[in-house]
Amino acid sequence: MNVKPRTSYGRGPLFMFVCVLALSVCASASPFYIVEVTAPDEVALADLLNCGLTIDNRVDRKVTFYVNEEELEQLKKLSYPLHLLETIPDGSSADKASGYTSYDQIGPLFSSYANQYPNIVQTGTLGQTPQYREIWAIKITLTPEQEADKPVVKYIAAIHGDEIVGVEMCLYFIQDLLENFGKNPFISDLIRKTVIWVVPIMNPDGHAAVSRYSAGKDLNRNFPAYGQHYSTTLFDGEPLGDEKVPVENGCIMRWHVRYPANLCANFHGGALLANYPYDNTPGISSGSPAISPDDDVFRYLALEYSRNNPPMYQSPIFPQGIINGSAWYSITGGMMDWHYRFLGCPELTLEISADKRPPASQLPRFWDENRDAMYAYLSAVHMGIRGLVKDRTTKLPLWAKVMTHDRAQPVFTSRAVGNYHRLLLPGTYNLTYQAPGYITYHADAIAVESSGTTRKDIFLSDGDVNQDGTKDAEDVQAVVNAALGKATSFDADVDGRGLSATDIQAVINAVL
Ligand SMILES: [Zn+2]
């Protein structure tokens with residue numbers, strides 16, 4: 001069999017070049033400490049949660065910090081009960097768990113999958129890390145070389161290099177998908193109608209060193225932060241800002257822009273829960289919930305995962321194993337909030353093992369606990385409203401913003417295909433479709449059922465109502481004639497609310 005050429009999922013050669021050049025400084029040589037500090041009361045807890053140091057976990061009034069020497073001294077000065085849980089020399093842990101997959105195995109493994117399953121697998125790299133490792137990605141769907149009108153789900157693990165159970169769960173998941181294609185009807189159907197991307201190790205340098213960090217940076221605190229680095233969305237003209245973040249984050253950001261996702265999850269260790277947006281809203285203090293416009297959808301998604309992961313669901317600490325990010329502890333610069341706020345993709349942070357590095361002999365048990373959850377969560381992308389947004393005349397796909405009435409967060413079509421997937425629970429919704437240079441279109445009272453998606457394809461008009469290639473007085477006359485009830489060969493309802501004076505006004509505005 002021919003060796004399948006490796007694909008670069010980014011901006012091609014230029015993209016690779018940028019990633020290689022943007023090297024970060026070397027990791028600091030000083031050790032890190034993992035410490036648990038117990039707040040004596042609620043006021044002290046609020047202070048701890050808002051002190052600005054890196055928090056990794058919180059159970060009631062016990063807060064776990066990742067700190068350097070200087071920060072440790074800061075914490076000691078508080079005179080609260082403090083337990084040193086682990087010292088990490090040189091920013092990496094000496095405690096390398098054996099029996100886990102190494103970074104070096106990923107490339108050859110993915111190549112073998114691409115050879116074995118060429119009709120459903122494409123593999124590639126999102127770019128190189130500061131230490132010249134590849135960020136491997138695998139794309140699993142029927143005819144993966146085509147960009148099709150299918151929802152896209154992405155699983156990403158090891159943004160924290162020392163949280164390694166997620167890596168193994170992603171690898172189990174990939175293998176399970178591939179081995180069952182053509183055998184298990186549910187899995188085969190999922191692969192046919194969904195684009196599934198997996199990046200098992202987002203932070204390969206950290207993974208190789210068994211370190212949380214890359215080049216001394218916590219990648220999940222270094223995405224652009226809402227309110228500091230951006231306030232709207234990429235669609236609304238906000239710059240991507242990929243040159244100002246760690247190399248790995250830039251690679252992930254460009255990949256999300258080029259191949260937009262409709263649902264995403266990133267896997268962590270150190271706790272057992274499904275954490276949903278927001279992790280932070282400016283003005284809301286850490287420890288208090290920061291509620292997003294899609295709170296109902298996020299709670300549903302989080303429960304889809306936890307209900308199918310019994311130890312998570314039965315958590316003695318977090319009811320049903322789910323929690324709002326900010327209610328747990330607030331972080332800024334996290335991937336989850338950025339992906340949702342900036343690109344409109346719902347994402348969860350899944351903490352899947354209380355122990356970050358349990359013995360490898362326990363991995364089959366972890367897979368038992370996560371398998372159904374990973375499938376259930378992925379399947380949840382097939383709910384809500386989906387469709388294509390195209391130019392009414394040329395039928396070309398449009399990059400459009402899709403707003404849901406009473407929800408401030410938009411979603412966007414993919415530029416390549418023009419498809420959108422608006423995750424919504426059963427109910428009736430009013431949607432609005434906007435694209436620059438086009439008349440805004442309203443689709444009211446769209447019913448969403450409890451299973452499957454409701455299809456709504458939209459054709460936007462730029463004001464060229466009679467479709468003769470120009471926008472002029474004839475178009476105004478055409479829409480007036482249509483509104484007066486004269487027979488026309490074209491659809492003059494340009495705003496989606498039936499033929500009326502609003503269509504005439506919209507066309508006048510477009511023509512002027
Ligand atoms: Zn983590």
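Is Glu163 buried or exposed? Glu163 is buried, with a relative accessible area of 2%. This briefing concerns a predicted model and the charged pairs around that residue and elsewhere in the chain. The structure holds 26 salt bridges, of which several are described below.

**The network around Arg212**

- A network of salt bridges links Asp56, Glu163, Arg212, Asp218 and Lys356.
- Within a salt bridge, the side chains of Asp56 and Arg212 meet at 2.8 Å, N to O. This pair links distant parts of the chain, 156 residues apart: Asp56 belongs to strand E3 (residues 54-59), and Arg212 to the loop between helix H7 (204-209) and helix H8 (247-258).
- Arg212 also forms a salt bridge with Glu163, where the closest N and O atoms are 3.4 Å apart. Glu163 lies in the loop between E8 and helix H5 (165-180) and Arg212 in the loop between H7 and H8, so this pair ties together parts that are 49 residues apart in sequence.

**Burial of the network residues**

- Arg212 has a relative accessible area of 2% and is therefore buried, the cut-off being under 20%.
- Asp56 is buried, as is Arg212.

**The Arg386 pair**

- Arg386 and Asp149 form a salt bridge, with 3.4 Å between the closest N and O atoms. Arg386 is in strand E14 (residues 383-391), while Asp149 is in the loop between strand E7 (134-140) and strand E8 (152-157); the pair links distant parts of the chain, 237 residues apart.
- Arg386 is buried because its relative accessible area, 15%, falls under 20%.

Conventions. Residues numbered from 1 in each chain as written. Predicted model: local features only at pLDDT ≥ 70, side-chain atom pairs only at ≥ 80, totals over all residues. Heavy atoms only, no water. Salt bridge = Lys/Arg side-chain N within 4 Å of Asp/Glu carboxyl O. Helix = DSSP H or I, 4+ residues; strand = E, 2+ residues; numbered from the N terminus. Buried < 20%, exposed > 50% of the residue type's maximum accessible area, 1.4 Å probe, protein only.
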